[in-house]
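Please look over the sequence and the structure shown here before reading on.

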Amino acid sequence: MSNKTNYPKRLIEVDLPIKRISAHARREKSIRHGHISTLHIWWARRPLAACRAVICASLWIDPVDELCPQEFRDKAASIIKDFAKKVVTDKDLANHCSTENWSEWKFLAKTENQLDPNNPQHFNILRDRLLDFIADFANWDNSTQQDYLETSRALTQAAHEALGGVPGTRPLVVDPFAGGGAIPLEALRVGADAFASDLNPVAVLLNKVVLEYIPKYGQKLADEVRKWGKWVKEEAEKELADFYPKDADGSTPIAYLWARTIVCEGPGCGLKVPLARTFWLTKRSSCKVGVRIKYSAGSEIPVCEVISGNITNLVTTATVRRGAVSCPCCGFTTPVQSVRRQLSKQRGGANDGFLLAIVANDEAGKRIYRTPTKSDYEIVDKVEARLKQQRHSNTILSLAPDEPLPPNGTLGFRVQNYGMQTFGDLHTKRQKLALATIASIIRNLEETEETTESIVVHQCLLLAFGRLQDLNSSLSTWADTVVGANRGQNRLPMVWDFVEAVPFADAGGSWSGQVDWVVRAINHVSMAISHTGIAMQAPAQMHPLPDDSAHLVATDPPYYDAFAYSDLSDLFLCWLKRATLDPKTLFSLESVQSKSPKQEEIVVNPAASIDGRGPKDHIWFSSQMLLAFRQARRITKPNGLSVIIFAHKGMKSWEALLDSAIASGWTITGSWPIDTERPSRQRAQESAALASSIHLVCRPRNTNDIGDWRDVLQELPQRIHDWMPRLASEGVVGADAIFACLGPALEIFSRYSSVEKASGEVVTLREYLEYVWAAISKEALSTIFKEADTSSFEEDARLTAMWLWTLSSGGGETGKMPVPQGDGKTGNMPVPQEEEDVSDDDDESTGKKAKITGFSLEYDAARKIAQGLGANLENLTSLVQVKGDQARLLPVSERSPYLLGKDAGKAPVKRPKKEHKQLSLFDTETTEEVSEDWGDTNIENQGKTVLDRIHQTMILFAAGRSEALKRFLVDDGVGSDKRFWTLAQSLSALYPTATDEKRWVDGVLARKKGLGF
């Protein structure tokens, strides 16, 4: 049965240049200047490139569709031909076009009859040019280019009117989980109206600035923010000058570097130990600077010295590793439990720290590092008196946040283990004083200036203030020359050595720097937006818009258990409300003491029930997402569309999302993977995070038809067979390809109100997905073993190949961690280095994290793969190890006992040699390499399968046993089996380049010709 409707398809339902869009989305992750991400921190923000492309493709009609109005074809052909002519005549515009599209635009511009909107043979040409335009428009450099903006808006208007829109009106794009504002911003950019709603008040403030204030006031707003930002700095500097004095030689401190401390628990020691991941301050070739810690006889307090030059062997070795602390004097390691206990007595130890160094600029502007002095500590001691003075003058709220941190166990929050109880505990006393002072000045500005424009300026300054406090806490880090923060991540780990920035210095972490980032974003957005949108606080489960009002609902819903959005935003909200006169009005709080709303937040959070939010579990997530999608369905016009963006690793989360979408009345008509995730990010290196975000395209279901289970199953394999090669041609493989196949597969299932078996039993989505995984696995296997009969391979070979393919990230390299895309210090926006912390899986007695070797998958995913290939994990215990919710494909070296029998005792011995990572999409690591010391004994067990024999030859190669390898392949006839070499070649392509397995199997393949095969 075909899914015919009375409405023409949109471009996104038939095609999308995902490879080119992905390239622009990846590049955008390293762009900071003018990007809305610099306005304020938000988590899992979508790249503007992807949002822009998806919205265009969702609003524009496919000219090839038989139901496409001729009116749109006529206008679109005229608009796109005019653009092509501009490309040819405008050298600047031509430079903005990609090389691959340039020849197409040139040909179109010079051949008037090449695009006839009345000629069916030319409809495909028009579609291709529209897609080419979308691919080029995704480029950040084109996002404010007027020719692109005008063309996109003209096409949006043409599609809107062709679909029945009233002339002079615009299509409405709605995002009920607006978050960082990327989707509604791009809707405005391409000429649509935008309605953004979110439950979180910080997100609402951010969206109001982006959608309402910047388009209305433009450059004038940027000028006013810069003007009043300078005034705030001058006022703060006057009030705080005594606490950030210049040095006697005229140098200006810009940062104070601190370390928390504990007392060494070694027998007879009792020295105070500074906790630091490194005592190097900078390792630049022109200037190497570090800290040397010494202890004087009879003193338990260390002294430090900043040293430079040839100091490689003089800088003190790091004292903390995975939460355990080693004493630089006696060498005793204080375990994690004791470290936590000691720091808990200090409420985290931010105010009992040890000053390692002061970073300053000399009178010539040169960066210098100096040893702390007694006066540096005396200044800090004076802070308490000023804090007491200010506490008495603050009557609305406490001076610094005394709101409690979320319960221990909350997603991403670990600092409670170290005694931090309130949000104020995250800051030193001097940081509290500085932030409270600046908050008071901003609040006074709001009280003094009461015009509409001044209120808008005040709210923009709040964003700068949020950025400032993000960089001014005891969780901020020193990254060689700049200040970094952890709040952009989805967690709040412990930081042992931290930086205390001078808030009005000309350096990272300063107030002026944060104002500058906000001003740049205002300037950039104002160049791209011609009209305002609407931002409102509302839960997605109770959307305020009326029925049938939205032309497109595009949204990026919460990622199951990946982010504690409200708890993370409280880091900012607790300070932001202290910088405004009436927090209840601005942030829609029930009282000034309130934090972000949490009761209606749709997340899975095991700790939520502790503080009265109710059980935020899988059932909660599914039920509330169902309500949200029903509301989205209600407000969408009958001929409207929805795009749901999701990038979570877990099968359980995907099933919850998909089940909710289908049950709420949506038919899924497509899915597109777009690379939106920074591959070097923390989560990508530690978990099975997707490299792509999957964009599910949905239509309102307009039928109550019941599907026949046999028909659905019959159509499924062909649909996957048609779709997989397209994904492969775009470089989409592995887990990204699996989830990208869900759209075509679910279109078959979701077109019906329900699917029933012959018995009348209703088929659940979960049951159907088992068959989907089977179809995907079989199709992927035929892709892996091209021109080979996959049925001739045993189940262990099929499972291994599919397992490794699932973990692959493109380019034929399984689990390869791509090179970072410039996130380091581009635009002076640092991405801090990973901080060491101890998770629940760590051994607290030693502080060491258990190493995981092999290639790991979520168990449910592994089970589905195996089942789809006709394999059973329970029968493959020599190949796969299951532990909890994880399944692990064993490294070849660990299979020696099974493969070699009694001879395993003489198999390659694992020994520490050099530290490297056995990379995979999951957290995998090994620090072992195979020894070549192995006796020349015979192999007792020749293996039961082709995969076993390949693994045996790999072990022989690793051990340097050339003669044994030759006998095994030639005399024993193992190499005569064509399946052996076919499988070995496939494994070579599947194993990551950084693994022993890849090196070993390539070594075996290199012997093939020399052995006569």
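## Overall make-up

The model is predicted, and the protein in it holds 31 helices and 28 strands. Of its 1013 residues, 62% count as buried, while the accessible surface comes to about 38,400 Å², with 49% of that area belonging to carbon and sulfur atoms.

When contacts in the protein between residues at least 6 apart in sequence are considered, 75% of them join residues at least 24 apart.

Helix H16 takes in residues 565–576, and its twelve residues reach 16 Å from the first C-alpha to the last, which is close to the 16 Å expected at 1.5 Å a residue.

Twelve of the twelve residues of H16 are buried, so this helix is largely enclosed by the rest of the structure. Among the buried residues are Tyr565, Asp567, Asp570, Phe572, Cys574 and Trp575, and what covers the buried residues of H16 includes helices H9 (201–240), H13 (429–448), H14 (452–470) and H17 (583–587).

## The packing of H28 and H31

Helix H28 (residues 946–958) packs with helix H31 (residues 996–1006) at an angle of about 95°, and their axes lie 8 Å apart. An angle from 65 to 115 degrees counts as roughly perpendicular, and H28 and H31 are therefore roughly perpendicular to each other.

On the H28 side, the contact involves Ile950, Thr953, Met954, Phe957 and Ala958, which meet Glu997, Arg999, Trp1000, Val1001, Gly1003 and Val1004 in H31. The residues of this contact of H28 with H31 comprise seven nonpolar, two polar and two charged.

Terms used: Residues numbered from 1 in each chain as written. Predicted model: local features only at pLDDT ≥ 70, side-chain atom pairs only at ≥ 80, totals over all residues. Heavy atoms only, no water. Axes fitted to C-alpha atoms, helices over the stretch in contact; angles between N-to-C directions. Helix = DSSP H or I, 4+ residues; strand = E, 2+ residues; numbered from the N terminus. Parallel < 35°, antiparallel > 145°, perpendicular 65-115°, else oblique. Contact = heavy atoms within 4.5 Å. Nonpolar A, V, L, I, M, F, W, Y, C, P; charged D, E, K, R; others polar. Buried < 20%, exposed > 50% of the residue type's maximum accessible area, 1.4 Å probe, protein only. Areas by Shrake-Rupley, 256 points an atom, 1.4 Å probe, with all protein chains shown as cover. Expected span 1.5 Å × (residues − 1).
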